[in-house]
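I set out to look through one model and to keep short notes on each item I looked up. The entries follow in the order in which I made them.

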Amino acid sequence: LVTLSDGAVIENPRWTRKHEVRIAAASRKLALKQKRSKNRIRAREALRRAHQRAANARLNHIHHVSKWLVENYDLIAFEDLAIRNMVRNPHLAKSIMDAAWGILIWCISYKAEQAGRWAVPVNPWRTSQKCSGCGKTVPKTLAQRTHSCDCGLILGRDHNAGINIKNLGLVALGMSAVEVQTKSIQRLGEPCI
């Protein structure tokens, strides 16, 4: 779900997949009921409740994650992703919608504003390709999950991208590249996404 610049990872619980069996069973029961019958109305309600349980669990988790991030980090920089375009991919759409990144970003944004923190969207272009140590572009396929550069830096791909996104967020706040290296901890407190 989220990888932080300090290396911490918040896993995606995949709520839709956890509730898939219950949703499929309720859907099958609904398909067997006779149209315009009271049993069909009950079966439709059971299917709605199964979907609602997954949605409630997802939203609850997102609120907990966003609250924790806003409480622990002064700056939360995140990729400004075109989620609507990403869900057009039929292979990834279900997983992307299950993660609910758009809702997570919305929750982080309003909670950060209320708490007096910074929530900064940054351009996602080449954040996982660029080395966070030397700045050199290291091309990778999506299947390659480790960043390995000639400068000797070896990190997880998402961890490397998290550091690049944090630096872009700091620059967006008006700090120079030198200040990003030396003063980010002093000015903003904890490390950020």
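**Entry 1: the largest pocket.** I began with the lining of the largest pocket and counted 36 residues in it; Leu1, Glu79, Leu81, Trp101 and Asp158 are those nearest its centre. I note here that the model is a predicted one. The space in this pocket comes to about 1,400 Å³. I then asked which element gives the most to the lining. The answer is α7, with five residues. At least two lining residues each come from β1 (2-3), β2 (9-10), β3 (75-79), α5 (93-99), α6 and α7 (157-172).

**Entry 2: threonine 127.** I looked up where threonine 127 lies and found it in the loop between β4 (118-122) and β5 (146-148). Is threonine 127 buried or exposed? I recorded it as buried, because its relative accessibility is 4% and the cut-off for buried is under 20%. Its side chain makes a polar contact with the side chain of glutamate 79, at 2.7 Å. Glu79 is also among the residues nearest the centre of the largest pocket. Beyond four places in sequence, I listed Glu79, Asn160, Ala161, Asn164, Ile165 and Leu168 as the contacts of threonine 127.

**Entry 3: histidine 159.** I placed histidine 159 in helix α7. Leaving out residues up to four places away in sequence, I found that histidine 159 touches Thr3, Leu4, Ser5, Asp6 and Gly7. I also checked histidine 159 against arginine 117: the two are 42 residues apart in sequence, and their C-alpha atoms are 22 Å apart in space.

**Entry 4: aromatic pairs.** How many aromatic pairs does the structure hold? I found two. Tryptophan 68 and tyrosine 73 form an edge-to-face pair, with 5.8 Å centre to centre and 75° between the planes. Tryptophan 106 counts as exposed, at 55% relative accessibility, and tyrosine 110 as partly exposed, at 27%.

**Entry 5: a charge over a ring.** I asked which ring the charged end of lysine 18 sits over. The ring is that of tryptophan 15, and the charged end sits 4.8 Å from its centre.

**Entry 6: positive phi.** Arginine 14, although not a glycine, has a positive phi of about 55°. I located arginine 14 in the loop between β2 and α1 (15-18), and its relative accessibility of 43% makes it partly exposed. Arginine 36 also has a positive phi, near 60°, and is likewise a residue other than glycine. This arginine 36 lies in the loop between α2 (20-32) and α3 (38-72). I recorded arginine 36 as exposed, because its relative accessibility is 82% and the cut-off for exposed is over 50%.

Conventions: Residues are numbered from 1 along each chain as its sequence is written. This is a predicted model: local features need pLDDT of at least 70, side-chain atom pairs count only at pLDDT 80 or more; totals for chains, interfaces and linings use all residues. Side-chain values use heavy atoms; hydrogens and water are left out. Helices (H or I, at least four residues) and strands (E, at least two) are DSSP runs, numbered from the N terminus. Buried means under 20% relative accessible area, exposed over 50%, partly exposed in between (1.4 Å probe, protein chains only). A polar contact is a pair of N or O atoms within 3.5 Å; within protein, one must be able to donate a hydrogen and the other to accept it, and residues adjacent in sequence count only if both atoms are side-chain atoms. Contact means heavy atoms within 4.5 Å. Rings of Phe, Tyr and Trp (its six-membered ring) pair if their centres lie within 6.5 Å; planes under 30 degrees apart count as stacked, over 60 as edge-to-face and the rest as tilted. A charge sits over a ring if NZ of Lys or CZ of Arg is within 6 Å of the ring centre and within 35 degrees of the ring normal. On a 1 Å grid over the protein atoms alone, a cavity is a set of points where a 1.4 Å probe fits but cannot get out, and a pocket is an open set with protein on both sides within 12 Å along at least five of seven lines; lining residues have an atom within 4 Å of a point. Grid points are joined across faces, edges and corners, and a volume is the space filled by probe spheres set on the points.
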